[in-house]
Amino acid sequence: MANDTKAVHVSMEPEVAHNISATEEGQDISGYDDVRALHDVVQGLPSHVVKDLLSIGVCARCIFRLFGIRGDIYSCSLLSSSMLSSVLGEQRHADEDMVDIGSEEHKNPISLPASEVSEVDAVLCTLCLGILQFTYCDDKELVVKKSAKDMAVAISELLKREWHQIDSFSLEVSIPPILLENESSVWLYMKRKYGSELCFQGKLLPQCISTVEALILCLAKPLETLLDCKSGVSDIRICLTFTHSKASKMVHSIAVSKHGCKRTKTGIENCIDSVDDSVVGDIECSDLADVTIQRSFGGSQDNGSPQSLKFPSEKYSRNVSQTRWIIDDERKGEASVEEIVGGNILPMCQGDNYKFHAAGREDIDVRMLGSGRPFLVEIQNARHIPSEAFVKEIETKINNLENKLVEVKNLKAVGSEGWDLMREGEAEKQKQYAALVWISRPLKDEDLESIASFKDMKVLQRTPIRVLHRRSPLEREKIIHWMKIEKIAGSNHYFLLHLCTQAGTYIKEFVHGDLGRTHPSVGSLLGCRAEILQLDVTDVKMDCF
Amino acid sequence: MKDNSVDDTDKLDSSVQNNPTRQRQQHKEDEEDGLQRLLLPDARDLPLIPPSAVESNFVSYFAPDFIKPGHDQYVYRHANGLCVIGLAPTHVAFKDSGGITAVDFNVGRSDRSVIKVTGKRKKNAQQFEPNTALCKVCTNDGSYIVRCCVKGSLLEVNDRLIKLPGLLHSSADREGYVAIIMPKPADWLKAKGLLLGLEAYKKLRDC
């Protein structure tokens, strides 16, 4: 009898199908297949359970989820609670005369003309709070999308507005935690009521499809069609974030009550049961808080890592700090390397934000000369990845800035390997310095020899007093690889000390001794008081430069 | 070095332009030349005696007759709030014949030299009051207690004084410091009110 029912519908389908193909693309054949598939699926479910769930306000897609049903069925726009009930209604009447079936037909929404094919559920689902019914709040406005396709259209429009090179995308969804609570409470309820029945034996909660997965199943195919590309692992990530204003408070109370329960099986279930009622009673659809689209560079997948540009930089001024340095709303120093460089690259790449990372840094009053210090600028959500020629342009622009504070060279766009280079540069690579030193007694020729004789000399440095307020008090052993004194014409108390040290050595403290807390120091080596007036970094010994 | 590079530049002739290797070499020399010019100062611009590290980075305060007469101590305060405590040059201990013989950190309830302060938050640091004893300075004639002067956490004591008490004679204002204290901003303001600046201290002691 059920077959006959279907036969009737089949003959109707082609007309409906024609209508659909005229108004909506790409759904002609699938519309027909969808209907059949839906029938099969629904009829495979225990109808009394489904009816029970429908009665407590669970939407059709959530019912499918709970039963672990997979596939494209989710994106079918025909799927709604009323559709489910009528299919179930058919089942009951399947044994009756065909005559009766005829009169049922007009009540069946599947036979409705194409324009009303999908009926929007008026009531929000208690489990997914409307997420799988494509209902959400966007900026305090209730948005109801008729189907997965409509929602996909909205998303793809957002995407196309800003991004032009789309060759793939990956879809991610984040939902408020309360949905998980709701789900486990409904599941427990089902289990208690129907646990003894065959259909439930051996089914576990994890076998259910999560709301997240279901939404992705709904949207993936339509988005693929609209954007004309495949979904999967990609540097373009579409993140849909749903939040619920009341959700966090409710979750807290649920958690508290769970803790309060005794560890007996029934105890916990009782607790969940009471929570179940309160959850059901207070439905508000969730806010689609955020649809963010992030682009990462070069196919790397770690947290949507943004694009990086790397090049060594030289700092010519003694009044430029590495990063923005503002105390009490007042800027210290004239400018900062990070702002000069990052601020010029960001507009070129049309990104949202930049982060500046360097392989180590120097004080504001220390100049970075010579080969320069390698660093990385991370551009977040770069919409335009510059070509090699463009990168050269950026380099020239920075170098020709009016105040000539910073110079950069060897600009390059890099992927995640840039990070390893940075870490290496900071912790492992040797640095070379030139310090202007004054000593309390005249310089002797023997001093030049004795200083030059020290190779790979070990130095014990206690955390310098000038950073002791924010660093751990430790004693660090560092190596001074070599030193060389360069005399200054016209003075026998001043000289230029060239030295090459291990990464992390405090040079200033090595010269003046930091009240004896760095030992040996230039002063102790020369047997007198030594002071440092000026420090310049002359080389950062990185292999790639 | 500077003289040498000047000589090379004079020898520059057309053979350099034609030879790429020499061009690269020349370029490198030019770069180094440029670096030299940046690095080397003109001796005429340099001060005869530059300010010391302490003078540049710390503000000096003095506590004359702290608790007891003649016990003059200094408090050097760094811009980051840390205070270095030590004996001022007019401290009575320096007047004893024979000089300072020993420094003992085992005073009060614990040996200050064995405290280990760890971490950025300075765990285990003991909170000291201004009159808490830091150490005992011994001479042939007697012993003198050196106190905190400022309320705050004790970060470090100069344990080198144990082996080298002579540091107090050679450089009490540098390598001979006694301890490093970290006061809270409010406590510092209170302490500051009782301390003298360098000029006032010099006037008081006629030095």
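Three strands of chain B form an open sheet in the order S4-S8-S9, with antiparallel pairing. Strand S4 (100-104) and strand S9 (143-147) of chain B are its edge strands, each pairing on one side only. From one strand to the next, the twist averages 25°. Such angles run from 0 to 180 degrees between N-to-C directions, and the axes are lines fitted to C-alpha atoms, for helices over the stretch in contact. Strands (E, at least two residues) and helices (H or I, at least four) are DSSP runs numbered from the N terminus. Two strands pair if DSSP finds at least two bridges between them.

This is a predicted model, in which local features need pLDDT of at least 70 and side-chain atom pairs count only at pLDDT 80 or more, while totals for chains, interfaces and linings use all residues. Residues are numbered from 1 along each chain as its sequence is written, chains are lettered from A and ligands numbered from 1 in the order in which they are written, and side-chain values use heavy atoms, with hydrogens and water left out.

**The sheets of chain B**

Lys136(B) has Ile145(B) in S9(B) as its bridge partner.

Chain B also has an open sheet of seven strands. Its order is S7-S10-S11-S3-S2-S1-S12, again with antiparallel pairing. The edges are strand S7 (126-128) and strand S12 (196-197) of chain B, each of which pairs on one side only. The table lists pairs of strands from this sheet, with a bridge partner pair for each.

| Strands (chain B) | Bridges | Sense | Partner residues |
|---|---|---|---|
| S2 (73-78) and S3 (83-87) | five | antiparallel | Tyr76(B) and Val84(B) |
| S10 (152-157) and S11 | four | antiparallel | Leu154(B) and Ile181(B) |

**Two loop residues in chain B**

Most residues other than glycine have a negative phi, and most peptide bonds are trans. Asn124(B) has a positive phi, near 65°. Its place is the loop between strand S6 (110-111) and S7 of chain B. Asn124(B) is exposed, because its relative accessible area is 53% and exposed means over 50%. Buried means under 20%, and partly exposed lies in between (1.4 Å probe, protein chains only).

Cys149(B) also has a positive phi, near 70°. Cys149(B) sits in the loop between S9 and S10 of chain B. Cys149(B) counts as buried, because its relative accessibility is 5%.

**Chain A as a whole**

Chain A has 545 residues, of which 51% count as buried. It contains 17 helices and 21 strands. Take the contacts in chain A with a separation of 6 or more: residues 24 or more positions apart account for 75% of them. Contact means heavy atoms within 4.5 Å. Chain A exposes about 25400 Å², with carbon and sulfur atoms supplying 51% of that area. Accessible areas come from the Shrake-Rupley method with a 1.4 Å probe, and for residues only the protein chains shown count as cover.

**Around helix H17 of chain A**

The peptide bond from His519(A) to Pro520(A) is cis, with omega near -5°. Pro520(A) lies in the loop between S20 and H17 of chain A. Ser521(A) lies in the loop between strand S20 (518-519) and helix H17 (522-526) of chain A. Ser521(A) is buried, because its relative accessible area is 7%. Beyond its neighbours within four places in sequence, Ser521(A) is in contact with Glu509(A), Phe510(A), Val511(A) and Gly513(A).

Gly527(A) lies in the loop between H17 and strand S21 (530-540) of chain A. Gly527(A) counts as exposed, because its relative accessibility is 66%. Gly527(A) and Arg441(A) are 86 residues apart along the chain, and their C-alpha atoms are separated by 9.1 Å.

**Where the chains meet**

Chain A gives 37 residues to the contact, and chain B gives 37 residues. The area buried between chain A and chain B is about 3000 Å², and carbon and sulfur atoms give 63% of it. Buried area is the accessible area (1.4 Å probe) that two parts lose on being put together, summed over both.

Four salt bridges are counted between chain A and chain B. A salt bridge is a side-chain nitrogen of Lys or Arg within 4 Å of a carboxyl oxygen of Asp or Glu. Arg462(A) forms one with Glu156(B), where the closest N and O atoms are 3.3 Å apart.
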